[in-house]
Amino acid sequence: MKRIDKIINFMRALEEVCVVKRDLLLYEGSTENDAMHIFKLSFLVMLIAPYLKQKVDYTKMLEMALVHDIAEGKVGDYTAANQIANPAIKEEKKNKEAAAIKELKKLLPSPLNKKIYSLYQEYEHKKTIEAKIVSALDKLEANLQANQYKDGDVRYWGLCENGGEYYKMALQKKPLIKEIDEPILKDLENAIIALSKENMKRCALHPQKD
């Protein structure tokens, strides 16, 4: 198969990512999908990069943000709430996505296939500073988006499957951000937690104390 044919086939596979629905709602009430999340995460990488104290490979972080969820086009979204509530679901997600990224790798010509596969694996293993930062931003972007529906009506979290976990996650500081020790990430995390608390109070949900 010609290189261009393989690239076109890969782009077709990416369309599957664009229709994967997530639990979170956009400000006007429609359901967020994976492509929207990837778009916003990529911008978040760009927005925080100038303020990082550590030396990082910015291009790698941006590319990692683009590829980090592409396996979900094959297996669907496994929400954080469900993974926390049921560890078996987390293991199932890991196994299915490992098979899916190998399937996607076969679609592309070399060396593109190796590069995308390598970026995906680096993100999953979270050993490098770039992977850790993108992973932390992935969670922060989701927490921020969760607060956007109708200017902060977070009551819908409770309607999601295992939705009670979202109220807990919204107020918890992430060990990975503490480990990374970047002021810009800590500031962003604190601001999003404060927003979650404010919205929960406005919705009479009485957030727990730190």
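**Entry 1: a bridge from α1 to α4**

I began with the salt bridge between E16 and K74, where the closest N and O atoms are 3.3 Å apart. For this search I counted a salt bridge when a side-chain nitrogen of Lys or Arg is within 4 Å of a carboxyl oxygen of Asp or Glu. E16 lies in helix α1 and K74 in helix α4 (residues 72–75), so the pair ties together parts that are 58 residues apart in sequence. My helices are DSSP runs of H or I with at least four residues, and strands are runs of E with at least two, numbered from the N terminus.

A note on what I am looking at: this is a predicted model, where local features need pLDDT of at least 70, side-chain atom pairs count only at pLDDT 80 or more, and totals for chains, interfaces and linings use all residues. Residues are numbered from 1 along each chain as its sequence is written, and side-chain values use heavy atoms, with hydrogens and water left out.

I then looked up the cover on both partners. E16 is partly exposed, with a relative accessible area of 25%, and K74 is partly exposed too, at 33%. The scale I used: buried is under 20% relative accessible area, exposed is over 50%, and partly exposed is in between (1.4 Å probe, protein chains only).

Next I moved to E15, which is in helix α1 (residues 3–18). E15 is exposed, with a relative accessible area of 52%.

I looked at I7, which is in α1, and its relative accessibility of 32% makes it partly exposed. A reminder to myself: an α-helix has 3.6 residues a turn, so residues three or four places apart point the same way.

How many residues of α8 are buried? I got 14 of its 17, so I noted the helix as mostly covered. Helix α8 (residues 129–145) reaches 24 Å from its first C-alpha to its last, close to the 24 Å expected at 1.5 Å a residue. That expected span is 1.5 Å times one less than the number of residues.

I then checked charged side chains here. K132 and E179 meet in a salt bridge at 2.6 Å, N to O. This pair links distant parts of the chain, with K132 in helix α8 and E179 in helix α10 (residues 175–180), 47 residues apart. K132 is buried, with a relative accessible area of 18%.

D138 forms a salt bridge with K139, their closest N and O atoms being 3.4 Å apart. D138 is buried at 11% relative accessible area, whereas K139 is partly exposed at 37%. I also traced a network in which salt bridges that share partners join R22, E32, D34, K40 and E141. My count for the structure is 15 salt bridges.

**Entry 2: rings**

My search of the whole structure for aromatic pairs found 3. Rings of Phe, Tyr and Trp (its six-membered ring) pair if their centres lie within 6.5 Å; planes under 30 degrees apart are stacked, over 60 edge-to-face, and the rest tilted. Y149 and Y156 form an edge-to-face pair, 5.3 Å centre to centre with 80 degrees between the planes. Both of these tyrosines, Y149 and Y156, are buried.

The W157 and Y167 rings have centres 5.2 Å apart and planes at 45 degrees, so this pair is tilted. W157 lies in the loop between α8 and α9 (164–169) and Y167 in helix α9, so the pair ties together parts that are 10 residues apart in sequence. W157 and Y167 are buried.

Finally, I looked for charges over rings, meaning NZ of Lys or CZ of Arg within 6 Å of the ring centre and within 35 degrees of the ring normal. K105 lies over the face of Y117, at 4.4 Å from the ring centre. K126 lies over the face of Y123, at 4.4 Å from the ring centre.
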